[in-house]
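Let's walk through this model together, starting with how its strands pair up and then stepping back to the chain as a whole.

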Amino acid sequence: MKVLTSFDKVITETLPEKVKARLHFKGHLDTYRFCDDVWTFLIREVDFKLDNQSHIAADKIKIVSCNSKKPGEV
């Protein structure tokens, strides 16, 4: 668990500083749920559009999202 805690801390500090690219996507929301402060979205027929205007398609994707607080924050 110590490795995961360290990873979570470093990734939440580094991503906003280092990553400047944007990604947009469209699709059909198939299922969504919220359990134990975790959102899960299942999306089908997804089209991703990147900054450089290239497109990527996927039959289905799963997005899992949780609280963005740094470990140890209240």
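Start with β1 and strand β2 (residues 38–50), which pair in the antiparallel sense over eleven bridges; pairing here takes at least two DSSP bridges between two strands. Looking across that pairing, you'll find His 28 opposite Arg 44 in β2.

Before going further, keep in mind that this is a predicted model, where local features need pLDDT of at least 70, side-chain atom pairs count only at pLDDT 80 or more, and totals for chains, interfaces and linings use all residues. Residues are numbered from 1 along each chain as its sequence is written, and side-chain values use heavy atoms, with hydrogens and water left out.

Now widen the view to the sheet. It's an open one of three strands, ordered β1-β2-β3, with antiparallel pairing. Because β1 (23–35) and β3 (55–66) sit at the edges with a single partner strand each, one side of each has no neighbour in the sheet. From one strand to the next, the twist averages 20° (axes are lines fitted to C-alpha atoms, and angles run from 0 to 180 degrees between N-to-C directions).

As for burial, 7% of the 74 residues of the protein chain count as buried, meaning under 20% relative accessible area with a 1.4 Å probe, protein chains only. The accessible surface of the protein chain is about 6700 Å², and 57% of that belongs to carbon and sulfur atoms (Shrake-Rupley method, 1.4 Å probe).

Terms used
Buried means under 20% relative accessible area, exposed over 50%, partly exposed in between (1.4 Å probe, protein chains only). Helices (H or I, at least four residues) and strands (E, at least two) are DSSP runs, numbered from the N terminus.
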